[in-house]
Amino acid sequence: MSVSDLAVDGGQPVLDRTTAYPWPKQRSEWSERVLRQLESGKLSVYDRSGVVAEFEDAWAAAHGTEFSLVTNSGTAALHSAFYGIGLGPGDEVLCPTYTFFATAASLFQLGALPVLADCRPDGSFDTGAAEQLVTDRTKAIVITHMWGLPCDMDEVVAFAERHGLDLVEDCSHAHGATYRGRPVGTFGAAGAWSLQTQKLIAAGEGGVLATRSREVYDRAQLLGHFNKRAMKEMDAAGPLYPYSVTGLGLKYRAHPLGVAFAVGQIAELDSWIKGKQGFAEEIARLFTRIAGITPLTLSTAERTSAHYALLFDVDPALVPGGRDWLVAACNAEGLDDVDIPKATSPLHTLHLFQNPISPVTTYDRTCVRTAFPIADRLAARTFKISVPCAPVGYEEEDAGYLAAVEAVARKLADHLSGAARPAPAPSTEAVGTEAAGTGASSAEGVR
Ligand SMILES: Cc1ncc(COP(=O)(O)O)c(C=O)c1O
């Protein structure tokens, strides 16, 4: 194959239309459930009843937790978890720098301070890096199961216990992921999931918290589920019960139409996770035909990834122009789903974390106290791609997507193993606004 064959060099794209894995899936049962909710006129669910209770019961059952609380975003679920464990001004929380900023941003609302730690080469939490950051103010640790791959929970739990820290898991990429067979979100004081459109369980906007602690659950309800729900659900003997009628000034109730769309998805989650494993292996096999490309987030014996996305490292010594060129080349061929995780720019590069402010306190310390060589390397060298989940009825769509990935990976592998090509233009990518995982445009179309 000659240099000019690549679309990025002006050649003909290998795909005849732009390809990204369509998400969320659609099922007539889910749409009918939305319609029934709409026709019922119940467009607010004030207490723990109806479709909200149904979702929470299914979520708690799937995770073996006592309590579950649906919120209007993952951010709200995290905020509720942080308030739930009692964080406030003066407290420090160990937090990965390699995550989406919403993992930590609500800490500023409480006057607590995230203290950033570097990650492992696969993007998971590095307790070794966190060790040196523990101070007499450290009260908790929040981790993210990045791209769906569980952190090493034996290590994380041992670390939290050794230092007497509450653990919150941000599972927004990791619905249905397991560590040694146990669902993520159940290892600490609370787990929090986003249900935003791109997430594996998608309500459009929404979130959910799970906990075994009555105290965390009560405090979480107080933060955003005042009046009917809090009054009925909170422990009436608890010290905060008198506040249940008003709450504390926030409202985190979810829209029932989003919950109605999402509730039926829970029953399919396990089969999606199974389906993703084979597709991830296959996509890894296709891209590793290109010398210098290494998958970073495949499942291991202990860690079953939800494969929100599959992350690859690109070695610029073997792929001239490195990651930015490779992504531009895939996109030019029509494979839009290959992209740079811009929204997950490490937190230490973002203004808020470099210059922390809070509505409720003044900080006398910083979030950034160390260097982050591994996170910086991931930010500079990795790309991600969606992984199909083999939903029943979508076999053709999944096969078409895989064929598109194969055609593009093969063309690039052939090109790179053959002719040299001109130097790429420098990247001008900016930080985005969403932690995108799955795309949502057209399906396959291989020339
Ligand atoms: C890792 C992570 N945490 C938290 C969030 C916040 O969720 P939401 O957008 O539902 O508030 C997201 C959403 O993109 C995320 O990717």
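Author: The largest cavity has a volume of about 50 Å³, where volume means the space filled by probe spheres set on grid points that are joined across faces, edges and corners. A cavity is a set of points, on a 1 Å grid over the protein atoms alone, where a 1.4 Å probe fits but cannot get out, whereas a pocket is an open set with protein on both sides within 12 Å along at least five of seven lines; in either case lining residues have an atom within 4 Å of a point. The model is a predicted one, in which local features need pLDDT of at least 70 and side-chain atom pairs count only at pLDDT 80 or more, while totals for chains, interfaces and linings use all residues. Residues are numbered from 1 along each chain as its sequence is written, and side-chain values use heavy atoms, with hydrogens and water left out.

The structure holds one cavity of 30 Å³ or more. Around the largest cavity stand Val45, Tyr46, Asp47, Val52, Val70, His225, Arg229, Arg253 and Ala254, a lining that divides into five nonpolar residues, one polar and three charged. In these classes Ala, Val, Leu, Ile, Met, Phe, Trp, Tyr, Cys and Pro count as nonpolar, Asp, Glu, Lys and Arg as charged, and the others, Gly among them, as polar.

The largest pocket, for its part, has a volume of about 270 Å³. Its lining is made of 20 residues, and Thr75, Phe100, Ala102, Ser194 and Lys199 are those nearest its centre. Two or more lining residues come from each of H3 and H4, the largest share being the three residues of H3; helices here are DSSP runs (H or I, at least four residues), numbered from the N terminus. By class, the lining of this pocket has five nonpolar, 11 polar and four charged residues.

The ligand sits in the largest pocket, in the sense that more than half of its atoms lie within 2 Å of the pocket's grid points. Sixteen is also written 16 here: of the 16 residues around the ligand, Gly74, Thr75, Asp170, Ser194 and Lys199 come nearest, and a residue is near if one of its heavy atoms lies within 4 Å. Helix H3 (74-84) and helix H4 (102-105) each give at least two residues to this shell, and H3, with three residues, gives the largest share. The shell has four nonpolar, 10 polar and two charged residues.

Polar contacts (pairs of N or O atoms within 3.5 Å) can then be followed one by one. Asp170 has a polar side-chain atom 2.6 Å from a nitrogen atom of the ligand. For Ser194, an N or O atom of the side chain is 2.7 Å from an oxygen atom of the ligand, and a polar side-chain atom of His173 lies 3.1 Å from a ligand oxygen atom. Taken alone the ligand exposes 390 Å², of which the protein buries 95%, as computed by the Shrake-Rupley method with a 1.4 Å probe.

Note on methods:
Polar contact = N/O pair within 3.5 Å; in protein donor to acceptor, adjacent residues only side chain to side chain.
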